[in-house]
Amino acid sequence: MKEKNYAQLPDRVKAAVIDSILLIAAVYLISEIFAQFETVPQYIRITAFVLIFVCYDPIFTSVYGGTIGHSYAGISVKKDRNRNKNISFFAALLRFVFKASLGWISLLTVTGNEKKKAIHDLVAGSVVLEKTT
């Protein structure tokens with residue numbers, strides 16, 4: 001079995017940029033859909049946008065081992081203790097909350113540790129790996 005390499009910072013940044021663009025596109029699309037209706041209650045708009053923003057990363061990370069951005073960057077998020085398994089939804093949600101709260105600051109730890117873990121990976125027990133072909 002080939003040993004998996006830890007994802008490098010540029011690949012992680014690439015994934016984050018791609019995901020940001022996708023989230024902006026999703027919000028725009030939902031806005032356009034809502035514009036087709038005469039009235040859409042404010043709570044529905046808020047709920048839709050919060051669900052898009054909060055659920056995208058945790059769902060994709062727990063189900064597929066990474067977001068669309070991760071996939072395009074050639075990296076995946078796995079459990080640190082069992083690199084053949086995705087992290088749980090709860091761990092992915094916790095990871096996302098820390099990532100969103102700390103922003104780019106969380107990535108400062110990537111170059112400072114052996115497993116290239118960001119702060120949000122340390123909290124969630126995850127590791128980001130290069131995908132093997």
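Of the 133 residues of the chain, 35% count as buried in this predicted model. The chain exposes about 8,200 Å², of which carbon and sulfur atoms supply 65%. Along the principal axes, the C-alpha atoms fill a box of roughly 55 × 30 × 25 Å. Among contacts in the chain with a separation of 6 or more, 67% come from residues 24 or more positions apart. The charged side chains comprise 16 positive and 10 negative groups, and the centres of the two sets lie 8 Å apart.

The secondary structure comes to five helices and two strands. Read from the N terminus, these elements follow the order α-α-α-β-α-α-β. Strand E1 covers residues 75-79 and is mostly covered, with four of its five residues buried. Strand E2 spans residues 126-130 and runs antiparallel to E1, to which it is joined by five bridges. Within this pairing, Lys79 stands opposite Ser126 of E2.

A search of the whole structure for aromatic pairs returned four. One of them is formed by Phe53 and Phe96, whose ring centres are 5.4 Å apart. The planes of these two rings meet at 70 degrees, and an angle over 60 degrees counts as edge-to-face, so the Phe53 and Phe96 pair is assigned to that class. Phe53 belongs to helix H2 (residues 42-64) and Phe96 to helix H4 (residues 89-102); the pair therefore ties together parts that are 43 residues apart in sequence.

Tyr56 is buried, its relative accessible area being 12%, while Phe60 is partly exposed at 26%. The cut-off between these classes is 20%, so the value of 12% places Tyr56 among buried residues and the value of 26% places Phe60 among partly exposed ones. Ring pairs also take in Tyr64, linking Tyr56, Phe60 and Tyr64 into a cluster.

With a relative accessible area of 61%, Ile24 is exposed. Its C-alpha atom is separated by 19 Å from that of Thr61, which is 37 residues away along the chain. From Phe37 to Ser71 the separation is 34 residues in sequence and 35 Å in space, taken from C-alpha to C-alpha.

How values were computed
Residues are numbered from 1 along each chain as its sequence is written. This is a predicted model: local features need pLDDT of at least 70, side-chain atom pairs count only at pLDDT 80 or more; totals for chains, interfaces and linings use all residues. Side-chain values use heavy atoms; hydrogens and water are left out. Rings of Phe, Tyr and Trp (its six-membered ring) pair if their centres lie within 6.5 Å; planes under 30 degrees apart count as stacked, over 60 as edge-to-face and the rest as tilted. Buried means under 20% relative accessible area, exposed over 50%, partly exposed in between (1.4 Å probe, protein chains only). Contact means heavy atoms within 4.5 Å. Accessible areas come from the Shrake-Rupley method with a 1.4 Å probe; for residues, only the protein chains shown count as cover. Lys and Arg count as positive and Asp and Glu as negative; His and the chain ends are not counted. The place of a charge is taken as NZ of Lys, CZ of Arg, CG of Asp or CD of Glu. Two strands pair if DSSP finds at least two bridges between them.
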